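User: Hello! I am new to this structure; could you walk me through it?

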Amino acid sequence: MGVGCSSSLPPTVNNPHCSITFPHTSAHTNPTSNHLPINWLARAHLQKPTKSPISKRLFTLDSARKTPTLKCGRTAQMEIEGGSDSKPILDLHSLDDNLVQKMVYDALVWSSLHGLVVGDRNVQRSGTVPGVGMVHAPFALLPTVFPENQWKLACEVAPIFNELVDRVSLDGKFLQESLSRTKKVDAFTSRLLDIHSKMLEINKKEEIRLGLHRSDYMLDEKTKLLLQIELNTISTSFPGLGSVVSELHRSLLKNYGEHLGCDVNCTPSNDAANRFSEALAKAWIEYNNPKAVIMVVVQPEERNMYDQHWLSFNLKERYPFMIRKTMAEIDKEGEIQPDGTLLVGGHAIAVIYFRAGYAPTDYPSEAEWRARLLMEHSSAIKCPSISYHLTGTKKIQQELAKPNVLEKFIDNKEDIAKLRKCFAGLWSLDDADIVDTAIEKPHLFVMKPQREGGGNNIYGDDVREALLRLRKDGKEQNAAYILMQRIFPTDSATFLVRDGSCHKDHAVSELGIYGAYLRNKDKVIVNERSGYLMRTKVSSSNEGGVAAGFAVLDSLYLT
Ligand code: ADP
Ligand code: MG
(Lines give C-alpha, C1' and ligand atoms only; values in the text may rest on other atoms or scores of the structure.)
(Ligands and ions follow the chains in the order given, each with its own letter.)
Protein backbone atom coordinates (compact mmCIF):
# COMPACT_ATOMS: atom_id res chain seq x y z
CA MET A 1 0.00 0.00 0.00
CA GLY A 2 1.58 3.25 -1.05
CA VAL A 3 1.92 5.94 1.54
CA GLY A 4 2.18 9.11 -0.44
CA CYS A 5 2.23 12.19 1.71
CA SER A 6 1.23 15.03 -0.46
CA SER A 7 0.60 18.48 0.71
CA SER A 8 -2.33 20.15 -0.92
CA LEU A 9 -3.13 23.35 0.80
CA PRO A 10 -5.58 25.11 -1.45
CA PRO A 11 -6.32 28.72 -0.83
CA THR A 12 -8.50 28.48 2.23
CA VAL A 13 -12.11 28.47 1.31
CA ASN A 14 -12.92 30.79 4.06
CA ASN A 15 -16.24 31.22 5.62
CA PRO A 16 -18.13 33.87 3.85
CA HIS A 17 -18.45 36.94 5.98
CA CYS A 18 -19.99 40.26 5.78
CA SER A 19 -20.74 43.21 7.91
CA ILE A 20 -24.46 43.22 7.70
CA THR A 21 -26.92 43.51 10.49
CA PHE A 22 -30.04 41.50 10.32
CA PRO A 23 -33.36 43.22 10.35
CA HIS A 24 -35.24 43.01 13.57
CA THR A 25 -37.61 40.39 12.41
CA SER A 26 -40.62 39.10 14.15
CA ALA A 27 -38.44 36.16 14.95
CA HIS A 28 -36.67 38.27 17.48
CA THR A 29 -39.57 39.96 19.07
CA ASN A 30 -42.44 37.59 18.83
CA PRO A 31 -42.18 34.98 21.55
CA THR A 32 -44.21 32.50 19.56
CA SER A 33 -42.04 32.59 16.50
CA ASN A 34 -39.02 30.47 15.74
CA HIS A 35 -36.03 32.04 17.25
CA LEU A 36 -33.21 31.55 19.60
CA PRO A 37 -33.39 32.75 23.15
CA ILE A 38 -30.02 34.33 22.62
CA ASN A 39 -29.69 36.83 19.88
CA TRP A 40 -27.33 34.83 17.74
CA LEU A 41 -27.43 37.40 15.03
CA ALA A 42 -25.60 39.82 17.21
CA ARG A 43 -22.88 37.36 17.93
CA ALA A 44 -22.82 35.67 14.55
CA HIS A 45 -20.27 35.95 11.83
CA LEU A 46 -20.57 39.49 10.86
CA GLN A 47 -16.91 40.28 10.57
CA LYS A 48 -14.04 38.70 8.82
CA PRO A 49 -12.41 36.18 11.08
CA THR A 50 -8.80 36.19 12.02
CA LYS A 51 -6.87 32.96 12.05
CA SER A 52 -7.31 31.37 15.41
CA PRO A 53 -4.31 31.38 17.69
CA ILE A 54 -5.16 27.75 18.36
CA SER A 55 -1.62 26.84 17.44
CA LYS A 56 -0.39 28.33 20.66
CA ARG A 57 -1.62 25.22 22.39
CA LEU A 58 -0.17 22.89 19.85
CA PHE A 59 3.50 23.45 19.90
CA THR A 60 6.13 23.88 22.51
CA LEU A 61 9.47 25.43 22.04
CA ASP A 62 12.34 23.24 22.98
CA SER A 63 14.44 26.09 24.28
CA ALA A 64 17.70 24.17 24.20
CA ARG A 65 17.40 23.38 20.53
CA LYS A 66 15.20 26.31 19.69
CA THR A 67 13.30 23.83 17.60
CA PRO A 68 9.58 23.81 17.84
CA THR A 69 8.08 20.37 18.32
CA LEU A 70 4.50 19.40 17.74
CA LYS A 71 2.73 19.18 21.06
CA CYS A 72 -0.28 17.45 19.64
CA GLY A 73 -3.00 17.40 17.08
CA ARG A 74 -2.95 19.73 14.19
CA THR A 75 -2.69 23.34 13.36
CA ALA A 76 -2.52 25.69 10.50
CA GLN A 77 0.12 27.90 11.95
CA MET A 78 2.27 27.95 14.94
CA GLU A 79 3.66 30.39 17.32
CA ILE A 80 6.21 30.23 20.05
CA GLU A 81 4.47 29.61 23.31
CA GLY A 82 4.69 32.59 25.55
CA GLY A 83 5.54 34.79 22.59
CA SER A 84 4.24 38.31 22.83
CA ASP A 85 2.30 38.13 19.60
CA SER A 86 0.67 35.37 17.64
CA LYS A 87 2.99 35.57 14.68
CA PRO A 88 3.05 32.21 12.99
CA ILE A 89 6.56 30.89 12.59
CA LEU A 90 5.95 27.37 11.45
CA ASP A 91 3.26 25.34 9.85
CA LEU A 92 2.88 21.62 9.45
CA HIS A 93 5.21 21.70 6.45
CA SER A 94 8.05 21.93 8.88
CA LEU A 95 7.04 18.75 10.61
CA ASP A 96 9.62 16.23 9.53
CA ASP A 97 8.25 14.47 6.48
CA ASN A 98 9.95 11.20 7.40
CA LEU A 99 8.28 11.27 10.78
CA VAL A 100 4.87 11.86 9.19
CA GLN A 101 5.42 9.04 6.71
CA LYS A 102 6.46 6.70 9.49
CA MET A 103 3.38 7.57 11.53
CA VAL A 104 1.13 7.11 8.51
CA TYR A 105 2.65 3.71 7.79
CA ASP A 106 2.25 2.62 11.41
CA ALA A 107 -1.30 3.95 11.51
CA LEU A 108 -2.23 1.98 8.38
CA VAL A 109 -0.80 -1.23 9.82
CA TRP A 110 -2.52 -0.59 13.15
CA SER A 111 -5.87 0.06 11.41
CA SER A 112 -5.65 -3.17 9.46
CA LEU A 113 -4.78 -5.20 12.54
CA HIS A 114 -7.42 -3.61 14.77
CA GLY A 115 -10.48 -3.53 12.56
CA LEU A 116 -10.53 0.16 11.68
CA VAL A 117 -11.90 -0.88 8.32
CA VAL A 118 -14.77 -0.39 5.88
CA GLY A 119 -15.74 -2.21 2.69
CA ASP A 120 -13.79 -1.07 -0.36
CA ARG A 121 -16.17 0.40 -2.92
CA ASN A 122 -13.95 -0.99 -5.68
CA VAL A 123 -14.60 -4.56 -4.60
CA GLN A 124 -17.97 -5.89 -5.59
CA ARG A 125 -18.80 -8.11 -2.61
CA SER A 126 -17.29 -5.79 0.01
CA GLY A 127 -20.73 -4.63 1.15
CA THR A 128 -22.17 -8.10 1.60
CA VAL A 129 -19.45 -10.58 2.57
CA PRO A 130 -17.40 -9.84 5.69
CA GLY A 131 -13.68 -10.17 5.19
CA VAL A 132 -13.84 -9.43 1.48
CA GLY A 133 -12.43 -6.18 0.07
CA MET A 134 -11.59 -4.27 3.21
CA VAL A 135 -9.84 -0.92 3.27
CA HIS A 136 -8.92 1.20 6.27
CA ALA A 137 -11.57 3.73 7.28
CA PRO A 138 -10.52 7.30 6.44
CA PHE A 139 -8.93 8.90 9.50
CA ALA A 140 -7.09 11.97 10.72
CA LEU A 141 -3.48 11.12 11.48
CA LEU A 142 -3.49 12.97 14.79
CA PRO A 143 -6.32 13.87 17.14
CA THR A 144 -7.86 17.29 16.97
CA VAL A 145 -7.34 19.87 19.64
CA PHE A 146 -10.57 20.66 21.46
CA PRO A 147 -11.21 22.75 24.56
CA GLU A 148 -11.90 20.54 27.55
CA ASN A 149 -14.56 22.85 28.97
CA GLN A 150 -16.60 22.59 25.75
CA TRP A 151 -16.19 18.84 25.76
CA LYS A 152 -17.47 18.66 29.31
CA LEU A 153 -20.45 20.78 28.38
CA ALA A 154 -21.36 18.45 25.52
CA CYS A 155 -21.01 15.45 27.84
CA GLU A 156 -23.12 17.08 30.52
CA VAL A 157 -26.11 17.68 28.25
CA ALA A 158 -26.14 14.14 26.78
CA PRO A 159 -28.42 12.61 29.47
CA ILE A 160 -30.68 15.67 29.27
CA PHE A 161 -31.06 15.19 25.52
CA ASN A 162 -31.79 11.49 26.13
CA GLU A 163 -34.56 12.46 28.50
CA LEU A 164 -35.87 15.11 26.13
CA VAL A 165 -36.21 12.58 23.30
CA ASP A 166 -38.12 10.26 25.59
CA ARG A 167 -40.50 12.99 26.77
CA VAL A 168 -41.14 14.40 23.30
CA SER A 169 -41.78 10.93 21.92
CA LEU A 170 -44.62 10.51 24.41
CA ASP A 171 -46.44 13.53 22.99
CA GLY A 172 -47.98 12.06 19.86
CA LYS A 173 -50.07 15.17 19.26
CA PHE A 174 -47.00 17.42 19.32
CA LEU A 175 -45.19 15.21 16.80
CA GLN A 176 -48.19 14.94 14.48
CA GLU A 177 -49.03 18.63 14.62
CA SER A 178 -45.47 19.85 14.24
CA LEU A 179 -44.98 17.66 11.18
CA SER A 180 -48.47 18.06 9.72
CA ARG A 181 -47.45 20.52 7.00
CA THR A 182 -44.25 18.65 6.23
CA LYS A 183 -46.42 15.56 5.75
CA LYS A 184 -48.19 17.21 2.82
CA VAL A 185 -45.03 17.84 0.84
CA ASP A 186 -42.64 15.12 1.94
CA ALA A 187 -43.73 11.61 1.00
CA PHE A 188 -41.13 9.89 3.19
CA THR A 189 -42.02 11.78 6.37
CA SER A 190 -45.67 11.21 5.48
CA ARG A 191 -45.22 7.42 5.48
CA LEU A 192 -43.43 7.54 8.84
CA LEU A 193 -46.24 9.67 10.24
CA ASP A 194 -48.82 7.20 8.95
CA ILE A 195 -47.17 4.42 10.95
CA HIS A 196 -47.06 6.71 13.96
CA SER A 197 -50.78 7.55 13.54
CA LYS A 198 -51.66 3.87 13.39
CA MET A 199 -49.82 3.28 16.67
CA LEU A 200 -51.68 6.21 18.24
CA GLU A 201 -55.00 4.85 17.00
CA ILE A 202 -54.46 1.46 18.63
CA ASN A 203 -53.01 3.18 21.68
CA LYS A 204 -49.81 1.15 21.37
CA LYS A 205 -47.70 1.39 24.50
CA GLU A 206 -43.95 1.03 24.35
CA GLU A 207 -43.17 0.14 27.93
CA ILE A 208 -39.51 -0.64 27.35
CA ARG A 209 -37.85 2.21 25.50
CA LEU A 210 -34.34 2.12 24.14
CA GLY A 211 -32.57 5.09 22.56
CA LEU A 212 -29.04 5.05 21.15
CA HIS A 213 -28.54 8.65 20.10
CA ARG A 214 -25.80 10.98 18.99
CA SER A 215 -25.89 14.73 19.39
CA ASP A 216 -23.57 16.50 16.93
CA TYR A 217 -21.93 19.87 17.54
CA MET A 218 -19.63 22.37 15.96
CA LEU A 219 -17.66 24.90 17.96
CA ASP A 220 -18.41 28.29 16.48
CA GLU A 221 -15.16 30.15 16.07
CA LYS A 222 -16.39 33.68 16.68
CA THR A 223 -18.72 33.12 19.57
CA LYS A 224 -16.88 30.15 21.11
CA LEU A 225 -20.27 28.53 21.50
CA LEU A 226 -20.71 24.83 21.06
CA LEU A 227 -23.78 24.66 18.84
CA GLN A 228 -25.81 21.60 18.03
CA ILE A 229 -25.92 20.54 14.39
CA GLU A 230 -28.51 17.85 14.90
CA LEU A 231 -29.66 15.09 17.21
CA ASN A 232 -29.62 11.63 15.63
CA THR A 233 -32.09 9.12 17.00
CA ILE A 234 -31.94 6.43 14.34
CA SER A 235 -29.02 4.40 13.05
CA THR A 236 -26.41 6.58 14.71
CA SER A 237 -23.23 5.51 13.01
CA PHE A 238 -19.63 4.97 14.12
CA PRO A 239 -19.90 3.98 17.77
CA GLY A 240 -17.69 1.05 16.72
CA LEU A 241 -15.08 2.65 14.48
CA GLY A 242 -15.15 5.89 16.50
CA SER A 243 -13.99 3.92 19.52
CA VAL A 244 -11.24 2.27 17.49
CA VAL A 245 -9.90 5.51 16.03
CA SER A 246 -9.44 6.93 19.54
CA GLU A 247 -7.32 3.88 20.33
CA LEU A 248 -5.33 4.40 17.14
CA HIS A 249 -4.54 7.96 18.19
CA ARG A 250 -3.66 6.91 21.70
CA SER A 251 -1.32 4.31 20.28
CA LEU A 252 0.38 6.86 18.00
CA LEU A 253 0.71 9.36 20.83
CA LYS A 254 2.29 6.69 23.01
CA ASN A 255 4.74 5.62 20.33
CA TYR A 256 5.63 9.04 19.00
CA GLY A 257 4.92 11.07 22.11
CA GLU A 258 8.54 12.01 22.56
CA HIS A 259 8.79 13.46 19.08
CA LEU A 260 5.43 15.10 19.28
CA GLY A 261 5.62 16.33 22.84
CA CYS A 262 2.07 15.10 23.45
CA ASP A 263 0.40 13.67 26.48
CA VAL A 264 -1.61 10.59 25.59
CA ASN A 265 -3.93 11.26 28.53
CA CYS A 266 -5.29 14.29 26.71
CA THR A 267 -7.01 11.93 24.25
CA PRO A 268 -9.91 10.45 26.19
CA SER A 269 -10.50 6.76 25.59
CA ASN A 270 -13.76 6.16 23.88
CA ASP A 271 -16.12 3.43 25.03
CA ALA A 272 -19.00 4.13 22.63
CA ALA A 273 -19.07 0.57 21.25
CA ASN A 274 -19.07 -0.97 24.72
CA ARG A 275 -21.69 1.40 26.08
CA PHE A 276 -24.05 0.79 23.16
CA SER A 277 -23.54 -2.99 23.36
CA GLU A 278 -24.19 -2.82 27.07
CA ALA A 279 -27.41 -0.85 26.57
CA LEU A 280 -28.61 -3.35 23.94
CA ALA A 281 -27.81 -6.20 26.33
CA LYS A 282 -29.67 -4.52 29.17
CA ALA A 283 -32.69 -4.04 26.92
CA TRP A 284 -32.54 -7.70 26.01
CA ILE A 285 -32.56 -8.57 29.72
CA GLU A 286 -35.59 -6.32 30.30
CA TYR A 287 -37.48 -8.08 27.53
CA ASN A 288 -37.12 -11.17 29.64
CA ASN A 289 -37.33 -13.96 27.11
CA PRO A 290 -34.12 -15.99 27.24
CA LYS A 291 -34.84 -17.51 23.84
CA ALA A 292 -35.31 -14.19 22.06
CA VAL A 293 -32.55 -12.50 20.04
CA ILE A 294 -31.40 -9.01 19.16
CA MET A 295 -32.02 -8.22 15.49
CA VAL A 296 -29.92 -5.66 13.63
CA VAL A 297 -31.88 -4.22 10.70
CA VAL A 298 -29.35 -3.69 7.93
CA GLN A 299 -29.16 -2.41 4.39
CA PRO A 300 -28.73 -5.15 1.76
CA GLU A 301 -25.29 -3.74 1.00
CA GLU A 302 -23.40 -2.13 3.81
CA ARG A 303 -19.79 -1.06 3.41
CA ASN A 304 -19.85 0.27 6.95
CA MET A 305 -20.67 -3.20 8.30
CA TYR A 306 -17.58 -3.41 10.53
CA ASP A 307 -18.77 -0.47 12.59
CA GLN A 308 -21.89 -2.55 13.28
CA HIS A 309 -19.96 -5.78 13.79
CA TRP A 310 -17.98 -4.12 16.56
CA LEU A 311 -21.19 -3.88 18.59
CA SER A 312 -22.29 -7.41 17.72
CA PHE A 313 -18.84 -8.73 18.55
CA ASN A 314 -18.88 -7.10 21.99
CA LEU A 315 -22.35 -8.44 22.60
CA LYS A 316 -21.69 -11.94 21.42
CA GLU A 317 -18.95 -12.36 23.96
CA ARG A 318 -21.65 -12.44 26.62
CA TYR A 319 -24.95 -12.86 24.84
CA PRO A 320 -24.75 -15.02 21.73
CA PHE A 321 -28.04 -13.76 20.41
CA MET A 322 -27.79 -11.45 17.46
CA ILE A 323 -29.08 -11.76 13.91
CA ARG A 324 -28.86 -9.39 10.93
CA LYS A 325 -31.82 -8.94 8.60
CA THR A 326 -32.75 -6.57 5.82
CA MET A 327 -36.18 -4.94 5.76
CA ALA A 328 -37.11 -7.12 2.76
CA GLU A 329 -36.13 -10.26 4.67
CA ILE A 330 -38.14 -9.15 7.67
CA ASP A 331 -41.15 -8.69 5.41
CA LYS A 332 -40.69 -12.18 4.01
CA GLU A 333 -39.84 -14.02 7.22
CA GLY A 334 -41.61 -11.98 9.85
CA GLU A 335 -44.85 -12.68 11.68
CA ILE A 336 -46.44 -11.58 14.92
CA GLN A 337 -47.75 -14.09 17.40
CA PRO A 338 -50.99 -13.46 19.28
CA ASP A 339 -49.07 -12.26 22.35
CA GLY A 340 -47.27 -9.64 20.23
CA THR A 341 -43.97 -11.51 19.91
CA LEU A 342 -42.21 -10.82 16.62
CA LEU A 343 -40.81 -13.92 14.96
CA VAL A 344 -38.30 -13.52 12.15
CA GLY A 345 -37.00 -16.67 10.50
CA GLY A 346 -38.29 -18.57 13.51
CA HIS A 347 -36.41 -16.41 16.04
CA ALA A 348 -38.33 -14.49 18.67
CA ILE A 349 -37.06 -10.91 18.60
CA ALA A 350 -36.36 -9.09 21.85
CA VAL A 351 -34.69 -5.93 20.50
CA ILE A 352 -34.72 -4.40 17.03
CA TYR A 353 -31.63 -2.26 16.43
CA PHE A 354 -32.08 -0.19 13.27
CA ARG A 355 -28.99 0.46 11.17
CA ALA A 356 -31.26 1.02 8.17
CA GLY A 357 -34.68 2.52 7.64
CA TYR A 358 -33.74 6.19 7.98
CA ALA A 359 -33.75 7.14 4.28
CA PRO A 360 -36.25 6.79 1.42
CA THR A 361 -33.76 4.56 -0.40
CA ASP A 362 -34.15 2.03 2.42
CA TYR A 363 -37.77 1.57 1.27
CA PRO A 364 -37.51 0.69 -2.44
CA SER A 365 -40.85 -1.16 -2.37
CA GLU A 366 -43.93 -1.70 -0.25
CA ALA A 367 -42.23 -4.74 1.30
CA GLU A 368 -39.95 -2.53 3.40
CA TRP A 369 -42.85 -0.37 4.60
CA ARG A 370 -44.78 -3.50 5.53
CA ALA A 371 -41.75 -4.69 7.50
CA ARG A 372 -41.47 -1.38 9.34
CA LEU A 373 -45.15 -1.48 10.28
CA LEU A 374 -44.90 -5.11 11.37
CA MET A 375 -41.97 -4.32 13.66
CA GLU A 376 -43.77 -1.33 15.11
CA HIS A 377 -46.85 -3.44 15.84
CA SER A 378 -44.83 -6.06 17.70
CA SER A 379 -43.85 -6.19 21.34
CA ALA A 380 -40.13 -6.15 20.48
CA ILE A 381 -38.14 -3.22 21.84
CA LYS A 382 -37.46 -0.90 18.94
CA CYS A 383 -34.32 1.16 18.81
CA PRO A 384 -35.75 3.48 17.76
CA SER A 385 -39.53 3.31 17.96
CA ILE A 386 -41.34 5.33 15.31
CA SER A 387 -41.88 8.13 17.83
CA TYR A 388 -38.17 8.29 18.77
CA HIS A 389 -37.38 8.33 15.05
CA LEU A 390 -39.74 11.26 14.40
CA THR A 391 -38.39 13.13 17.42
CA GLY A 392 -35.01 13.17 15.69
CA THR A 393 -36.28 14.93 12.58
CA LYS A 394 -34.95 18.35 11.69
CA LYS A 395 -38.42 19.88 11.83
CA ILE A 396 -38.80 18.77 15.45
CA GLN A 397 -35.34 20.15 16.23
CA GLN A 398 -36.55 23.50 14.91
CA GLU A 399 -39.82 23.31 16.84
CA LEU A 400 -37.98 22.55 20.08
CA ALA A 401 -35.87 25.66 19.60
CA LYS A 402 -38.94 27.90 19.72
CA PRO A 403 -39.49 29.81 22.94
CA ASN A 404 -41.38 27.97 25.68
CA VAL A 405 -41.39 24.62 23.92
CA LEU A 406 -38.66 22.90 25.92
CA GLU A 407 -40.61 23.88 29.02
CA LYS A 408 -43.41 21.52 27.95
CA PHE A 409 -41.08 18.56 28.20
CA ILE A 410 -38.44 19.32 30.81
CA ASP A 411 -39.13 20.60 34.32
CA ASN A 412 -35.67 21.53 35.53
CA LYS A 413 -34.91 25.14 34.55
CA GLU A 414 -31.16 24.65 34.70
CA ASP A 415 -31.41 21.72 32.32
CA ILE A 416 -33.51 23.79 29.95
CA ALA A 417 -30.93 26.58 30.02
CA LYS A 418 -28.13 24.12 29.27
CA LEU A 419 -29.95 22.69 26.27
CA ARG A 420 -30.93 26.07 24.96
CA LYS A 421 -27.39 27.34 25.14
CA CYS A 422 -26.36 24.85 22.47
CA PHE A 423 -29.24 25.56 20.10
CA ALA A 424 -28.25 27.40 16.97
CA GLY A 425 -30.66 29.73 15.16
CA LEU A 426 -33.43 27.62 13.63
CA TRP A 427 -36.39 28.85 11.64
CA SER A 428 -39.34 27.63 9.66
CA LEU A 429 -39.58 29.02 6.14
CA ASP A 430 -42.84 30.67 7.14
CA ASP A 431 -40.79 33.37 8.79
CA ALA A 432 -40.80 35.86 5.90
CA ASP A 433 -38.24 38.19 7.46
CA ILE A 434 -35.66 35.50 7.97
CA VAL A 435 -36.27 34.21 4.45
CA ASP A 436 -35.60 37.74 3.15
CA THR A 437 -32.37 37.82 5.11
CA ALA A 438 -31.36 34.39 3.85
CA ILE A 439 -31.97 35.47 0.26
CA GLU A 440 -29.80 38.50 0.86
CA LYS A 441 -27.03 36.68 2.75
CA PRO A 442 -27.42 32.99 1.89
CA HIS A 443 -23.94 32.04 3.14
CA LEU A 444 -25.04 32.69 6.72
CA PHE A 445 -27.61 29.90 6.51
CA VAL A 446 -28.01 26.20 5.80
CA MET A 447 -31.27 24.96 4.35
CA LYS A 448 -32.25 21.46 5.42
CA PRO A 449 -34.87 19.04 4.14
CA GLN A 450 -36.21 16.24 6.38
CA ARG A 451 -33.49 13.80 5.47
CA GLU A 452 -30.71 11.88 7.20
CA GLY A 453 -27.45 10.42 6.05
CA GLY A 454 -25.56 13.33 4.57
CA GLY A 455 -25.51 15.12 1.23
CA ASN A 456 -29.01 16.57 1.41
CA ASN A 457 -28.51 20.11 2.72
CA ILE A 458 -28.36 23.31 0.70
CA TYR A 459 -25.57 25.85 1.16
CA GLY A 460 -24.33 29.18 -0.16
CA ASP A 461 -25.85 30.65 -3.32
CA ASP A 462 -28.00 27.54 -3.72
CA VAL A 463 -29.90 28.67 -0.60
CA ARG A 464 -30.88 31.89 -2.39
CA GLU A 465 -31.90 30.04 -5.54
CA ALA A 466 -33.91 27.48 -3.61
CA LEU A 467 -35.70 30.15 -1.57
CA LEU A 468 -36.55 32.19 -4.65
CA ARG A 469 -37.86 29.10 -6.38
CA LEU A 470 -39.99 28.23 -3.37
CA ARG A 471 -41.42 31.75 -3.40
CA LYS A 472 -42.64 31.13 -6.92
CA ASP A 473 -43.92 27.63 -6.21
CA GLY A 474 -46.14 28.75 -3.38
CA LYS A 475 -46.20 28.31 0.36
CA GLU A 476 -46.89 24.60 0.65
CA GLN A 477 -43.39 23.49 -0.34
CA ASN A 478 -41.85 25.62 2.42
CA ALA A 479 -42.72 22.95 4.92
CA ALA A 480 -40.25 20.51 3.39
CA TYR A 481 -37.33 22.54 4.76
CA ILE A 482 -36.00 24.37 7.75
CA LEU A 483 -33.44 27.17 7.84
CA MET A 484 -30.51 27.03 10.20
CA GLN A 485 -27.85 29.47 11.20
CA ARG A 486 -24.61 28.43 9.55
CA ILE A 487 -21.92 27.59 12.08
CA PHE A 488 -18.34 28.47 11.24
CA PRO A 489 -15.84 26.35 13.12
CA THR A 490 -12.15 27.18 13.26
CA ASP A 491 -10.28 25.76 10.34
CA SER A 492 -6.77 24.50 10.71
CA ALA A 493 -4.34 22.26 8.88
CA THR A 494 -4.57 18.56 9.43
CA PHE A 495 -3.29 15.32 7.95
CA LEU A 496 -6.09 13.30 6.39
CA VAL A 497 -5.46 9.66 5.54
CA ARG A 498 -7.66 8.02 2.94
CA ASP A 499 -7.03 5.02 0.69
CA GLY A 500 -3.51 4.62 2.03
CA SER A 501 -2.48 8.17 1.16
CA CYS A 502 -2.01 11.08 3.46
CA HIS A 503 -2.55 14.64 2.49
CA LYS A 504 -2.53 17.86 4.37
CA ASP A 505 -5.44 20.21 4.11
CA HIS A 506 -7.43 22.84 5.93
CA ALA A 507 -10.13 21.14 7.94
CA VAL A 508 -12.95 21.68 10.41
CA SER A 509 -14.37 19.25 12.95
CA GLU A 510 -17.74 18.12 14.27
CA LEU A 511 -18.04 16.50 17.68
CA GLY A 512 -20.72 13.89 18.29
CA ILE A 513 -21.61 12.72 21.78
CA TYR A 514 -23.36 9.37 22.01
CA GLY A 515 -26.12 8.87 24.52
CA ALA A 516 -27.89 5.71 25.66
CA TYR A 517 -31.30 5.63 27.33
CA LEU A 518 -33.29 2.65 28.55
CA ARG A 519 -36.49 2.81 30.52
CA ASN A 520 -38.89 0.07 31.58
CA LYS A 521 -42.18 1.65 32.66
CA ASP A 522 -41.16 4.10 35.39
CA LYS A 523 -37.73 2.66 35.93
CA VAL A 524 -34.90 4.44 34.12
CA ILE A 525 -32.27 1.73 33.73
CA VAL A 526 -29.74 3.60 31.60
CA ASN A 527 -29.37 7.31 30.98
CA GLU A 528 -25.81 8.10 30.14
CA ARG A 529 -23.26 9.65 27.86
CA SER A 530 -21.74 6.83 25.87
CA GLY A 531 -18.51 7.87 24.22
CA TYR A 532 -17.92 10.25 21.34
CA LEU A 533 -17.25 10.67 17.66
CA MET A 534 -15.05 13.32 16.14
CA ARG A 535 -15.35 13.83 12.41
CA THR A 536 -13.07 16.11 10.47
CA LYS A 537 -13.60 17.32 6.93
CA VAL A 538 -11.77 19.60 4.54
CA SER A 539 -13.08 23.07 5.17
CA SER A 540 -13.99 23.53 1.52
CA SER A 541 -16.64 20.82 1.92
CA ASN A 542 -20.04 21.78 3.23
CA GLU A 543 -21.18 18.31 4.20
CA GLY A 544 -19.63 16.18 6.89
CA GLY A 545 -20.47 12.48 6.53
CA VAL A 546 -17.68 9.90 6.74
CA ALA A 547 -19.62 7.18 4.95
CA ALA A 548 -20.77 9.73 2.37
CA GLY A 549 -17.08 10.42 1.62
CA PHE A 550 -16.81 13.96 2.98
CA ALA A 551 -15.08 13.49 6.31
CA VAL A 552 -12.55 11.34 8.15
CA LEU A 553 -12.80 9.73 11.58
CA ASP A 554 -10.95 11.57 14.27
CA SER A 555 -10.63 11.86 18.03
CA LEU A 556 -9.98 14.56 20.58
CA TYR A 557 -6.95 16.11 22.14
CA LEU A 558 -8.32 18.02 25.11
CA THR A 559 -6.65 21.21 26.19
P1 ADP B 1 -27.55 14.72 8.09
O2 ADP B 1 -28.77 14.20 8.74
O3 ADP B 1 -27.54 14.57 6.62
O4 ADP B 1 -26.30 14.22 8.76
P5 ADP B 1 -26.83 17.30 9.23
O6 ADP B 1 -27.76 18.29 9.76
O7 ADP B 1 -26.00 16.58 10.22
O8 ADP B 1 -27.64 16.29 8.31
O9 ADP B 1 -25.89 18.00 8.18
C10 ADP B 1 -24.89 17.31 7.43
C11 ADP B 1 -23.57 18.03 7.57
O12 ADP B 1 -23.69 19.38 7.12
C13 ADP B 1 -23.06 18.14 9.00
O14 ADP B 1 -22.34 16.99 9.37
C15 ADP B 1 -22.21 19.39 8.94
O16 ADP B 1 -20.92 19.09 8.43
C17 ADP B 1 -22.93 20.25 7.91
N18 ADP B 1 -23.85 21.19 8.60
C19 ADP B 1 -25.12 20.94 8.97
N20 ADP B 1 -25.67 22.00 9.58
C21 ADP B 1 -24.73 22.96 9.61
C22 ADP B 1 -24.70 24.30 10.10
N23 ADP B 1 -25.75 24.85 10.68
N24 ADP B 1 -23.55 25.00 9.95
C25 ADP B 1 -22.48 24.45 9.34
N26 ADP B 1 -22.45 23.19 8.84
C27 ADP B 1 -23.56 22.45 8.96
MG1 MG C 1 -25.58 14.65 10.59
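This is a predicted model: local features need pLDDT of at least 70, side-chain atom pairs count only at pLDDT 80 or more; totals for chains, interfaces and linings use all residues.

User: Which residues come nearest to ligand 1?

Analyst: Residues are numbered from 1 along each chain as its sequence is written, chains are lettered from A and ligands numbered from 1 in the order written, and side-chain values use heavy atoms, without hydrogens and water. Around ligand 1 there are 21 residues, each with a heavy atom within 4 Å. Those that come nearest are K394, K448, G454, Y459 and E510.

User: How far is an oxygen atom of ligand 1 from an N or O atom in the side chain of K448?

Analyst: This is a polar contact, here a pair of N or O atoms within 3.5 Å. For the side chain of K448, the distance is 2.6 Å.

User: How much of ligand 1 does the protein bury?

Analyst: Taken alone, ligand 1 exposes 530 Å², an area from the Shrake-Rupley method with a 1.4 Å probe. The share of it that the protein buries is 96%.

User: Why does the span of helix α9 agree with its number of residues?

Analyst: Helices here are DSSP runs (H or I, at least four residues), and the expected span is 1.5 Å times one less than the number of residues. Helix α9 has 16 residues (272-287), so it should span 22 Å. Its end C-alpha atoms agree with that, being apart by 23 Å.

Conventions: Helices (H or I, at least four residues) and strands (E, at least two) are DSSP runs, numbered from the N terminus. A polar contact is a pair of N or O atoms within 3.5 Å; within protein, one must be able to donate a hydrogen and the other to accept it, and residues adjacent in sequence count only if both atoms are side-chain atoms.
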